[in-house]
Amino acid sequence: MKKDEAIAIIEPYLTKPRFEHTLRVAETAVKLASKYDVSVEKAELAAIFHDYCKYRSLEVMARIIEASSLPKDLLEYHHELWHGPVASLLIEQEYGIEDQDIKNAIYYHTTGRANMSKMEMVVFVADYIEPGRSFEGLDEVREMAEKELIRTTWMVSRNTIQFLMRKKSRIYPDTFHAYNDLTKRLD
Ligand code: DGI
Ligand code: FE
Ligand code: FE
Ligand code: FE
């Protein structure tokens with residue numbers, strides 16, 4: 001699928017700020033993909049679709065999780081964790097996107113997981129550092145993104161867990177698995 005076709009598909013499903021976030025994630029993912037030597041076209045398509053299901057109704061997403069092969073334990077955690085897995089399923093069903101690199105980057109963009117591919121890291125990091133974001137400690141992450149992909153992904157994972165723990169949020173196992181595995185992969 002071409003970039004412009006993908007953008008036209010997602011736009012009606014998103015608010016204007018979320019659509020603009022998505023375009024910035026795509027631009028950021030393109031830069032990271034070329035720097036870290038993964039397919040620029042795939043990273044861009046994954047980024048364009050990453051928040052495709054962000055505003056689907058919770059009832060519909062819950063039904064999709066129940067009726068599909070997606071892990072049922074997602075339903076015991078915050079619904080914010082549902083939109084990536086549901087999007088990775090729907091883009092295949094609706095648009096025939098079967099590419100596993102693209103589907104995994106979308107699936108895991110919120111939590112990460114153990115053994116993340118470079119493509120998964122590119123989208124995960126791009127979502128966090130796109131120019132419209134302003135998290136505490138973001139400058140440090142943006143600087144690292146110029147140098148080391150694994151260390152950058154580790155920083156995003158660490159910051160996200162710190163943020164969630166401060167809020168007393170429940171943390172999905174993949175979120176911890178990402179952090180532990182990335183810690184092991186730091187040199
Ligand atoms: O969709 P976006 O806002 O662009 O970003 P996202 O999908 O990466 O993350 C959405 C939110 O999910 C973000 O505030 C961090 C949060 N999150 C990540 N891992 C977990 C989590 N929330 C909970 N409750 N548990 C997690 O494990
Ligand atoms: Fe998201
Ligand atoms: Fe994210
Ligand atoms: Fe996003």
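**Helix H7 and its partners**

In this predicted model, Lys42, Ala43, Ala46 and Ala47 of helix H3 are in contact with Met119, Val122, Val123 and Ala126 of helix H7; contact requires C-beta atoms, placed from the backbone, to lie within 7 Å. Those residues comprise 7 nonpolar, no polar and 1 charged, where Ala, Val, Leu, Ile, Met, Phe, Trp, Tyr, Cys and Pro count as nonpolar, Asp, Glu, Lys and Arg as charged, and the others, Gly among them, as polar.

Helices are DSSP runs of H or I with at least four residues, strands are E runs of at least two, and both are numbered from the N terminus. Local features here need pLDDT of at least 70, side-chain atom pairs count only at pLDDT 80 or more, and totals for chains, interfaces and linings use all residues. Residues are numbered from 1 along each chain as its sequence is written, while chains are lettered from A and ligands numbered from 1 in the order in which they are written.

The axes of H3 (residues 40-49) and H7 come within 10 Å and cross at roughly 45°. H3 and H7 are therefore oblique to each other.

Let me turn to helix H2. The axes of H2 (residues 16-36) and H7 (residues 118-129) come within 8 Å, crossing at roughly 140°. This makes H2 oblique to H7 as well. Val25, Thr28, Ala29, Leu32, Ala33 and Tyr36 of H2 meet H7 residues including Lys118, Val122 and Asp127.

Finally, the ligand. Around ligand 1 there are 17 residues, the closest being His78, Thr110, Ser169, Tyr172 and Thr175; a residue counts when its C-beta atom, placed from the backbone, lies within 6 Å.

Note on methods
Axes are lines fitted to C-alpha atoms, for helices over the stretch in contact, and angles run from 0 to 180 degrees between N-to-C directions. Angles under 35 degrees count as roughly parallel, over 145 as roughly antiparallel, 65 to 115 as roughly perpendicular and the rest as oblique. Two residues are in contact if their C-beta atoms, placed from the backbone, lie within 7 Å.
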